[in-house]
Amino acid sequence: MLNMIHDALLVLWDCSQSTNNSQPEPVAYANEGDAEIYKRIQNIAKSHNKIQSFILEASFHARKILTASDHRSYGLYGQALSEGISEILQSYRNTLMEVESLVLGNQNYTLSFVYSHVEKFQGLFLTLIKIISTIKERRLTGCQILSLIHQYILNGDKLVHEAIIQIFSCLNTVFINQLCTWLLYGDLRDPYEEFFVYQIKKNETSDTIVSSQSTSNTCDKSLVSTLQQTPLDCGYNLNPNMIPYFIPLSLAQEILFIGKTVILFGFDPKKVKKSSSFTISRPMLTLQKMNADSRRFTIWEENEAEFHEKLQKLKNPKDFEVSNLRGVVREIKECVTKHLWVVAVEEAQLLHELRLMKDFYLLGRGELFLELLRLTAPKLDKPTTRTSTRDMNHAFQLAARAVFLSDSADIEKFSFELPYVKPNSSANSNMEDEDSSTVEDGWSSIILKYDFKWPLHLIFAPEVLARYNDMFRLLLVIKKTQHNLHVLWKTYKQSKRFSMCQLHNKLMFLMDNLQHYLQADVLETNFSRLMDAVNRTNDFEKLKSAHATFLADILSQSFLTVTSSDNDSGDTMDSLNNPVFCNIMELLKLCDSFCSMNELGSDREAEDYYLQGYSERYNKLVKQLMQLLASFRDRPSGVYLARLLMRLDYNRWLSGEAQLAQSVTNMLR
C-alpha cells in the first residue's frame, strides 16, 4: 500500500511516466476501489501536466525564444496568464507536500486519503484546461485573453472563483500599465500588438476623412456626429477585435481620443508645415518634441499623480469595475478637453477664427465678394484651365485691395483652388467639343481653402471644410445671380415693354428674398446661437459639438440636406436629390438665361420668343416651389421652407400666381 501511495504522489508531482501507461490490473491493489481511485488520480495528474506544459510554453524564457525565431508567442498577456496559473498551482504543490509529510508520519493511510486531498483541484484544473484549449483553438492574444478570463469570474465553485480572480489580477496589471502610459503620456507600450489601440503602419490608411467635395447622404443627426469626428492623424487607431467585451466602444473611443490628444501636445506646433487640412496622404510629421516636464505640467498640471494613482487602484480586482474605469477616463478626458479649450479659444483665438469663417465661407464680407465677382465672373462661367487657380487668387488680392483689406493678415489665410480636369482627347473635333462641354465650370468646382491655426484642425476637419465649401458655392452663385439682376435694372428701368420689366422684377424679388432668408434667417440666427454656446462652455468637446450642430443646421436650413420622414432609419437625401434645392437651382439657371437676353440686341422677335418661354418656366417653378410646402410641411425641412415662403408670399400674391386653392399663410395655419 505504501508503494502505491508513493507512485500516486510521483504521478501527481509529474515525476513519473505512469500517467501514460495502461491501467494496472485490479488484483495489484489492496482494496477493490483502489483501481478507480488511482485512475481518478491519474486524470488529475494528466490535467496538471497539460497546465504545466502551457506554463512552460507561455513563460518569459519561451516568449523570448519564440520571438527571436519569428514564431508566434503568447506575448505579455500570455506570460501574465502563465504566471497567474503558476501562482495558483502553488496551493496544489503545498497540498502534495502536506500529504507527503502525513504519509511519512503514518504508514497506515490508504490511497483514498491521498485522493481526498487533491480531489478539490479537479474542477479548477478542468476550468484551466478549457481556458487553455480556447486560447489555442481561437489563437487568442492580448486583450482577447483578458476578455476570456473575465468571462470565467462568475463561478459557483469558491476555489475556481478565487483562482480566476487571481489570474485576472495578473492580466489586469499588464492592461492597466498599458492603459496608464497611453492615457497619461501618449506612449503605447505594446511590442506584441496586444492592446486595443494599435499603431497604423505606413501602407495602411487611418479613419481620417479626405478633404473633398461632399457627396455623402447624411441626415441632421448623423451629420452632426460626422462633423464631430476628430481627424487626429497621429498614426493610431482602434483594433475592434482586441477591445474587451466589458469595455463599451464609446469608452474605447474616448481612450483613443485622450492618447491622441496627449501625443498632439507632444509636438511643437510652430514647426508644423502650413496646410489647409490634415489628410491621410500626409500624416503628422515627427517633429522636435517639447520638454517632457513642461508638457506634463501644461496638460495635467498637478493632477498627474492623482490620475496615476486612480488608474493603479484599478489593478485590484475588487476595484476594477467598468463604472470605475469610465469615471477615471471621464475625469482625464475632462482635464484634456479643458486644456484644449484654453489652447483653442485663448491661444488660437477660436472666436476670431469663427468670425473669419462667417466672413469668407458664408460671404459675411459681401463687398469683398461683390468686387471679386466683378473681376472673375466671366472666367468662372467657362471650364477651368491650368491657370484658373492662379488667376482666381490674383483677382482675390485685387478685390481685397479694392475694399481696403489687402493689409489685413486674415486675407493671407484664405486662397482659392479651381481643379483642372483635362478633357478627353479625341481625333474627331466634334467629339472634342462634346467632351469639353462636359467639363464643370468654375462655379461648381471652386474651392476656398483656409489656413487655420493649430490646433483648430480638431474643429475644422476636412469633412467640415468640405461642407463649408458646399455652402460657399451656393451662396456665391446666388450672390452672382442677384448682382446680375440688379445690373440689368439700369437697362430695363426705362423700358416700355411691360412684360420684360415685370418678369425682371419677379426674378429680382425672388433672389432678394432668397438672399435675405439665407443671410438673416439662417446664417445670422444660427451664428449668434453658436457664439452664445461657445461663450457658455469651457469644455472643448461641447464646443466642437456646438460647432457641428451649427454647421448641420445651416446646411439643413439651406436645403443642402433634407431628412425623409418616410424612412424611419434616418436616411437622407443630399443636395442633388433635394427637390427644394433642385427647384432653387433651376430658378438660378432661369435668372442666368434671362440676364443673357441682353446679348440678343435689337432682335425683337427673338426676345418675345424667349420672354414667353422664360415666363412660362418661371410660373411653373414658382408653382412647384409653393406646392413643395404642402408636401414637406410635416417634415423637418418644412419648418425652414415655410419661413422662406412666408417671406415670398407675405401678401398672398405668389399663391394667386401659382393658382393654389389656398394661400401659403392659410396652409401654415
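This is a predicted model: local features need pLDDT of at least 70, side-chain atom pairs count only at pLDDT 80 or more; totals for chains, interfaces and linings use all residues.

Colleague: Is Val322 buried, partly exposed or exposed?

Modeller: The general idea is that a residue is called buried under 20% relative accessible area and exposed over 50%, with partly exposed in between. Val322 has a relative accessibility of 23%, so it counts as partly exposed.

Colleague: Which residues is Val322 in contact with, leaving aside its neighbours within four places in sequence?

Modeller: With those neighbours left aside, Val322 is in contact with Phe246, Pro248 and Leu251. Take Phe246 as an example: it is 76 residues from Val322 along the chain, and yet the C-alpha atoms of the two are separated by 7.0 Å.

Colleague: How do the axes of helix 10 and helix 13 cross?

Modeller: For a pair of helices one asks how their axes approach, at what angle, and with which hand. The axes of helix 10, residues 249–264, and helix 13, residues 322–347, come within 10 Å and cross at roughly 40 degrees, and the crossing in which helix 10 passes helix 13 is left-handed. On the side of helix 10, the residues making the contact include Leu251, Ile255 and Ile258, while those of helix 13 include Val322, Leu325 and Val329. Sorted by class, the contact of helix 10 with helix 13 has 10 nonpolar, three polar and four charged residues.

Colleague: What does the length of helix 22 show when it is set beside the expected span?

Modeller: Helix 22 covers residues 579–595, which is 17 residues, and reaches 24 Å from its first C-alpha to its last, close to the 24 Å expected at 1.5 Å a residue. Several of its residues are buried, among them Val580, Phe581, Asn583 and Cys595.

Colleague: Which residues have a positive phi although they are not glycine?

Modeller: The general idea is that most residues other than glycine have a negative phi. Glu193, which is not a glycine, has a positive phi of about 55 degrees, and it lies in the loop between helix 8 (158–185) and strand 1 (197–199). Leu363 is another case, with a positive phi of about 60 degrees, and its place is in the loop between helix 14 (350–360) and helix 15. Leu363 counts as buried, because its relative accessibility is 6%.

Colleague: Where does Thr384 lie, and what does its side chain reach?

Modeller: Thr384 lies in the loop between helix 15 (366–380) and helix 16 (388–402). With a relative accessible area of 6%, Thr384 is buried, and its side chain reaches the backbone oxygen of Pro419 at 2.8 Å.

Colleague: Is Pro378 buried or exposed?

Modeller: Pro378 is in helix 15 and counts as exposed, because its relative accessibility is 51%. Pro378 and Gly442 are 64 residues apart in sequence, while their C-alpha atoms are 9.7 Å apart in space.

Colleague: How many helices and strands does the protein chain have, and how much of the chain counts as buried?

Modeller: The protein chain has 26 helices and six strands, and 49% of its 669 residues count as buried. Finally, among contacts in the protein chain between residues at least 6 apart in sequence, 76% join residues at least 24 apart.

Conventions
Residues are numbered from 1 along each chain as its sequence is written. Side-chain values use heavy atoms; hydrogens and water are left out. Axes are lines fitted to C-alpha atoms, for helices over the stretch in contact, and angles run from 0 to 180 degrees between N-to-C directions. Helices (H or I, at least four residues) and strands (E, at least two) are DSSP runs, numbered from the N terminus. A crossing is left-handed if the near helix is turned anticlockwise from the far one by less than a right angle, and right-handed if clockwise. Contact means heavy atoms within 4.5 Å. Ala, Val, Leu, Ile, Met, Phe, Trp, Tyr, Cys and Pro count as nonpolar, Asp, Glu, Lys and Arg as charged, and the others, Gly among them, as polar. The expected span of a helix is 1.5 Å times one less than its number of residues. Buried means under 20% relative accessible area, exposed over 50%, partly exposed in between (1.4 Å probe, protein chains only). A polar contact is a pair of N or O atoms within 3.5 Å; within protein, one must be able to donate a hydrogen and the other to accept it, and residues adjacent in sequence count only if both atoms are side-chain atoms.
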